[in-house]
Amino acid sequence: MSHNYTSHIVWTGNRGEGTAHYRSYDRTWDVAVPGKPVVHCSNDPLLGGDPAKMNPEDLLLSALSACHMLWYLHYASDAGIVVTRYADTPVGIGQLERGGAGRFVSATLRPVVTIRGHADLQVAQAIHHRIHEVCFVARSVNFPVSCEPEFVQED
């Protein structure tokens with residue numbers, strides 16, 4: 001079964017001259033998915049982008065982390081593990097090549113998962129290893145994704 005996803009990207013960086021010169025325009029755009037808030041974006045600050053705006057690398061790493069989280073919550077619920085908080089600070093490692101081309105070479109997810117009660121931490125840990133078999137985003141990238149979870153148990 002296939003699913004269709006749509007997005008609308010609108011370049012917002014025309015300062016009046018368009019792309020007449022390399023420095024005559026901004027590398028900014030909006031992501032405008034119908035019915036959802038607009039996300040204002042820019043390119044990587046290393047390439048002159050606005051550091052206050054999301055860039056493609058931020059969006060990809062965030063999507064990877066969010067997909068993992070949603071599957072984790074699903075599998076935890078199925079296993080009877082009550083998660084009360086989940087926060088991740090993923091790190092993506094990028095590599096620049098000659099000519100400026102770049103790519104991700106790896107990503108590490110570092111979720112801190114708060115679990116109610118005295119759940120089996122081995123089961124909670126094992127769930128993370130099952131997710132890359134099903135996570136849409138993790139299955140779509142061509143670089144390794146690892147996970148280094150931390151667990152907090154609350155009564």
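Because the model is predicted, local features need pLDDT of at least 70 and side-chain atom pairs count only at pLDDT 80 or more, while totals for chains, interfaces and linings use all residues. Residues are numbered from 1 along each chain as its sequence is written, and side-chain values use heavy atoms, with hydrogens and water left out.

The secondary structure of the protein chain comes to two helices and nine strands; here helices (H or I, at least four residues) and strands (E, at least two) are DSSP runs, numbered from the N terminus. Along the sequence these elements follow the pattern β-β-β-α-β-β-β-β-α-β-β. The C-alpha atoms fill a box of roughly 65 × 40 × 35 Å, taken along the principal axes. The radius of gyration of the chain is 19 Å, whereas a compact globule of 155 residues would have one near 15 Å; the radius is taken over C-alpha atoms, and the globule rule is 2.2 Å times the number of residues to the power 0.38. Of the 155 residues, 32% count as buried (under 20% relative accessible area, with exposed over 50% and partly exposed in between, for a 1.4 Å probe and protein chains only).

Helix α1 covers residues 56-78, 23 residues in total, and reaches 33 Å from its first C-alpha to its last, close to the expected 33 Å (1.5 Å times one less than its number of residues). Its N-terminal end is capped by Asn-55, which places a side-chain oxygen 2.9 Å from the backbone nitrogen of Glu-57. Buried residues of α1 include Leu-61, Leu-64, Ser-65 and His-68. An α-helix has 3.6 residues a turn, so residues three or four places apart point the same way. Just after α1, Gly-80 takes a positive phi of about 80°.

Turning to open space, the largest pocket holds about 320 Å³ (on a 1 Å grid over the protein atoms alone, a pocket is an open set of points where a 1.4 Å probe fits, with protein on both sides within 12 Å along at least five of seven lines; lining residues have an atom within 4 Å of a point). Of its 14 lining residues, Asp-44, Glu-57, Gly-94, Gln-95 and Phe-104 are the closest to its centre. Two or more lining residues come from each of α1, β5 (91-96) and β6 (102-109), and β5 gives the most, with four.

Gly-49 lies in the loop between β3 (39-42) and α1 and is buried, with a relative accessible area of 12%. Gly-49 and Asp-26 are 23 residues apart in sequence and 7.9 Å apart in space, C-alpha to C-alpha. Val-83 belongs to strand β4 (residues 83-88) and counts as partly exposed at 22% relative accessibility. Val-83 and His-21 are 62 residues apart in sequence and 52 Å apart in space, C-alpha to C-alpha.

Notes. Polar contact = N/O pair within 3.5 Å; in protein donor to acceptor, adjacent residues only side chain to side chain. Points joined across faces, edges and corners; volume = space filled by probe spheres on them.
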